[in-house]
Amino acid sequence: MNRKYRKTIIAGNWKMNKLPSELKTFSEALKALVPRAKWCEVAVCVPAVMIPGAVRAFKDGKVCVGAQDISAAEFGAFTGECSGAQLADAGAKYVIVGHSERRQNHGETNELINAKVKTALANKLIPIVCVGESLEQREMGVTLEVVTLQIKTILSDITAEQVKKLIIAYEPIWAIGTGKTATAEQAGAVCTAIRALIRGMYGARIARSVTIQYGGSMNGKNAAELLAQPDIDGGLVGGASLDPAEFAKIIMAAQELEE
């Protein structure tokens, strides 16, 4: 982490878990565990149906609310989709774009993710842009080639000023929901390569300012080691974000490294 140049952000991804009725209990438990003055930037990305309730539940704490997906379209006949305007109006600040589960289960391509990033930015939402390789690609030694292609395509026609407004989350697919985690050195190396790529595309000033998260079974035990890597500026946290106590440990690990 490098607090001098960029923001540290811990974002929880609840996926399709919990109920709207559980939001108040969760928020109260989290606020009790983490002193308000200690919090770094924290977000909870919830199912779309829960966004208004999450905004209300977290209004007295330092937690922002995010969505888990966004339509590339502005409006129209797209049953089941949520537009950027709808998400922003509901109170979302962040939106996860291109999560590997969306790629795998819904066939999302880098080109579609590029369109979603543009829609998010147009509606003043902060995209958390997910990139990462499969286990097969990791074992073949093509991790950087895969991630480079993803980023170059996803950031096509995205300006330098727009890049400053987004977050990149490196999430090795083989470490999501499996309990496996990239070592701190493996994760740090890829995040450093991502920053170098951004530097080559947009210059050093922009590269220094971009927050790069690690996503892939981050928890209270490994958070400090991962976040100590110079180019890992936060986490996109899955299962551990469903437990207030475990999520609080990650938040505190980030905060302690900042002090």
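**Close-up views of the pockets, a strand and a cavity**

**View 1. The largest pocket has a volume of about 470 Å³.** Of the 21 residues that line this pocket, those closest to its centre are Lys15, Gln68, Asp69, Arg102 and His106. Helix α4 contributes four residues, the largest share of the lining. Sorted by class, the lining of the largest pocket comprises nine nonpolar, seven polar and five charged residues. This view, like the others, shows a predicted model.

**View 2. The second largest pocket has a volume of about 220 Å³.** Its lining is made up of 18 residues, and Lys15, Gly177, Ser217, Gly238 and Gly239 are the closest to its centre. The lining of the second largest pocket divides into five nonpolar, 11 polar and two charged residues.

**View 3. Strand β3, residues 63-67, is mostly covered.** Five of its five residues are buried. In a regular strand, side chains alternate between the two faces of the sheet. In β3, Val63, Val65 and Ala67 point one way, while Cys64 and Gly66 point the other way.

**View 4. Strand β2, residues 41-45, runs parallel to β3 and is joined to it by four bridges.** Within this pairing, Val44 has Val65 of β3 as its bridge partner. Between β2 and β3 the chain passes through helix α2, residues 51-57, in a right-handed β-α-β crossover.

**View 5. Strand β4, residues 94-97, runs parallel to β3 and is joined to it by two bridges.** Gly66 stands opposite Tyr94 of β4. Here the chain crosses from β3 to β4 by way of helix α3, residues 84-90, and this β-α-β crossover is also right-handed.

**View 6. The structure holds one cavity of 30 Å³ or more.** The space in the largest cavity amounts to about 40 Å³. Its lining consists of Gly98, Ser100, Arg103, Cys130, Val131, Gly132, Gln150, Glu171 and Ile173. Two elements, α4 (100-106) and β5 (126-131), each give two or more residues to this lining. By class, the lining of the largest cavity has three nonpolar, four polar and two charged residues.

Technical notes. Residues numbered from 1 in each chain as written. Predicted model: local features only at pLDDT ≥ 70, side-chain atom pairs only at ≥ 80, totals over all residues. Heavy atoms only, no water. Buried < 20%, exposed > 50% of the residue type's maximum accessible area, 1.4 Å probe, protein only. Pairing = 2+ DSSP bridges. Right-handed = clockwise from strand over helix to strand, strands pointing away. 1 Å grid on protein atoms, 1.4 Å probe; cavity = no way out; pocket = protein on both sides within 12 Å on 5 of 7 lines; lining within 4 Å. Points joined across faces, edges and corners; volume = space filled by probe spheres on them. Nonpolar A, V, L, I, M, F, W, Y, C, P; charged D, E, K, R; others polar.
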